[in-house]
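This briefing is meant to be read with the sequence and the coordinates at hand.

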Amino acid sequence: MYIDPAAGSLVLQVLIAGVVSALAAMARVRRAVGSFFASLFGRRSS
Amino acid sequence: MPRLGASFRDPSGFVFTSSGRPYRQVNRVFAEQFEACTSSGLYEGLVAEGLLVAHTREELSLALTPEAHAVLAPAIVPFISYPYEWCFGELKDAALLTLDVQLRALERGFVLRDASAYNVQFVDGRPIFIDTLSFERYEGGKPWIAYRQFCQHFLLPLTLMAKRDVRCGLMLREHLDGIPLDFGAALLPRGSWLDLATLLHVQLHARSQRKHQETDVASTIGTRTMPKRSLISLVESLRAAVSRLDWRPAGTQWAEYVDETNYSDAATTEKHELVRRFVRESNPSSVWDVGANTGVYSRIAREHAELVVSFDVDPAAVERNYRAVRTRNETGILPLLLDVTNPSPAIGWAHRERMSLVERGPADLVMALALVHHLAIGNNVPLDTVAAFFAEVSQALVIEFVAKSDSQVHRLLRNRADVFPSYTKAGFEAAFAEHFTIAECTRVGDADRWLYRMQSRSRMGS
């Protein structure tokens, strides 16, 4: 480690780890639902 | 001095030049990490995807110091540019590249140990990661060491540019390790708190830094860790935040300028042909188009040159130029933000970390079209010093002189005293004759504008 990571930056990451994981999971679900409907729509229009 | 002035922070290695080309020395202290990264296939994968600059391994005898483990010859970057010279789109693409490199590294069990914007350069219209030694093995449970640096170098400047003013990007020239979070966070509009990514990665990040200035991290976080899944989510969250940021070029002074000059369609065509011929006859490899606007003449110059660096002072013009490069997959054109009346200086430790514009020259050819009146009248620069500057950065010139009778110059003088008695065609030629020989001069159509092809006196035959 040659750069200063900054204590506050390390602490924050650990604190928000759960939040960002939950957000990422929600985004994945949104994408999956979106692509499911997109594929339905795609089949109908083709 | 063969060791590059910016290459001193990281004990794992450094960049030096030998016989005019750059090499990267890997020190023994980093040998194990470097070999692990090599054998993992990470380098190969990133190079194959065009994300990382390729390198070859050279003889160890080329090493500059005894602690060398390996010497690498990276592919040459034709023109070094800096984040404070990039438009919004360039900084955004560099940010996305950095995060994509980080995600690829994590897939193979490595992690970026820095996230400096200076690890990115632009080659053939695309950002590319240039620091081969930025990777180390990922240790499970650890947070990202370079999170602060990424936010300061990329996320915060981009957020300020998108939500406050695009000119905030110029603050990177003052803050070489990125915009301090507390400083930048205070400049953001109040509404920015409503965006979750800005709230987490900028506002709360700035508060956390303030709160934990004297904190011992190990005792504060105790047994809590950052699982790899969370680290990947953090990077994906940053990627989504950067992707959402947008800035549309409109409404600045120059963005529509190219359409408003005093040429008829026929004269415009004639000027295009003249520039094309003058560039061809100058036979350049590298061209700097100073005052390029959206790059119309840069593209003409590119027909006869390997690389055209397309400078303009207007962020909107540079943004449009860069978007055109990306949309059309153009190579050999590099749009950059530059105020030629205040060009990028040599900055950083001992003035040696980031090169001045002059240090990155000279170009084989400098083009200055519809520019001189802005320097001489708009900025009161005497014509002889305009000529002296161009002589310093170019071997040859394609330059336009716009007479006072032209309405664009008239406009510059509308509300001020004309204190430029020597601003005449004869005065222009006399000023430039000290440094250049005039190979050709042609009036463009019936406008009071003349196009010159000149050759530097001091560099003739070089």
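The structure is a predicted model. Chain A contains one helix and zero strands, and its contact with chain B takes 20 residues from chain A and 34 residues from chain B. Chain B includes an open sheet of four strands and an open sheet of seven strands.

- The C-alpha atoms of chain A occupy a box of roughly 55 × 20 × 10 Å along the principal axes.
- Of the 46 residues in chain A, 26% are buried.
- On the side of chain B that touches chain A, two or more residues each come from helix 4, helix 6 (196-211), helix 7 (217-221) and helix 8 (228-244) of chain B.
- By class, the residues on this side of chain B are 14 nonpolar, ten polar and ten charged.

**The four-stranded sheet of chain B**

- The strand order in this open sheet is 1-2-4-3, and the pairing is antiparallel.
- Strand 1 (13-18) and strand 3 (55-58) of chain B are the edge strands; each has a single partner strand, so one side of each lacks a neighbour in the sheet.
- On average, neighbouring strands of this sheet are turned by 35° against each other, direction ignored.
- Strand 1 of chain B runs antiparallel to strand 2 (residues 21-27) of chain B, and six bridges join the two.
- T17(B) has P22(B), in strand 2 of chain B, as its bridge partner.

**L62(B), a loop residue**

- L62(B) lies in the loop that connects strand 3 and strand 4 (68-74) of chain B.
- Is L62(B) buried, exposed or partly exposed? L62(B) has 16 C-beta neighbours inside 10 Å and therefore counts as partly exposed.
- Leaving aside residues up to four places away in sequence, L62(B) touches S18(B), Y23(B) and V71(B).
- P315(B) is 253 residues from L62(B) in sequence, and the C-alpha to C-alpha separation of the two is 42 Å.

**Helix 4 of chain B and its two partners**

- The axes of helix 3 (residues 88-107) and helix 4 (residues 147-163) of chain B come within 10 Å and cross at roughly 145°; this crossing is left-handed.
- Helix 3 of chain B contributes F88(B), L91(B), K92(B), A95(B) and T98(B), which meet F150(B), F154(B), P157(B), L158(B) and M161(B) of helix 4 of chain B.
- The residues in the contact of helix 3 with helix 4 of chain B comprise eight nonpolar, one polar and one charged.
- Helix 4 and helix 8 of chain B pack at an angle of about 30°, and their axes are 9 Å apart; the crossing of these two helices is also left-handed.
- Here F150(B), F154(B), L155(B) and L158(B) of helix 4 of chain B make the contact with L238(B), A241(B) and V242(B) of helix 8 of chain B.
- The contact of helix 4 with helix 8 of chain B has seven nonpolar residues, no polar residues and no charged residues.

**The seven-stranded sheet of chain B**

- This open sheet has the strand order 11-10-9-12-13-15-14, with mixed pairing.
- Strand 11 (333-337) and strand 14 of chain B stand at the edges with a single partner strand each, so one side of each has no neighbour in the sheet.
- From one strand to the next, the twist averages 20°.
- Strand 9 (residues 286-290) and strand 10 (residues 307-312) of chain B pair in the parallel sense, over five bridges.
- Within this pair, S286(B) stands opposite L307(B) of strand 10 of chain B.

- Helix 13 of chain B lies across strand 9, strand 12 (363-368), strand 13, strand 14 and strand 15 of chain B, and runs at about 145° to strand 12 of chain B.
- Helix 15 of chain B lies across strand 13, strand 14 and strand 15 of chain B, and runs at about 155° to strand 14 of chain B.
- Which residues of helix 15 (residues 425-433) of chain B are buried? They are F428(B), A431(B) and F432(B).
- Viewed down the axis of helix 15 of chain B, the buried residues fall within an arc of 90°, so they line one face of the helix.
- The cover over the buried residues of helix 15 of chain B includes helix 13 (383-393), strand 13 (394-402), strand 14 (436-443) and strand 15 (449-456) of chain B.

Methods:
Residues numbered from 1 in each chain as written. Chains lettered and ligands numbered in written order. Predicted model: local features only at pLDDT ≥ 70, side-chain atom pairs only at ≥ 80, totals over all residues. Buried ≥ 20, exposed ≤ 12 C-beta atoms within 10 Å, placed from the backbone. Arc of directions from axis to C-beta. Contact = placed C-beta atoms within 7 Å. Axes fitted to C-alpha atoms, helices over the stretch in contact; angles between N-to-C directions. Left-handed = near helix turned anticlockwise from the far one by under 90°. Nonpolar A, V, L, I, M, F, W, Y, C, P; charged D, E, K, R; others polar. Pairing = 2+ DSSP bridges.
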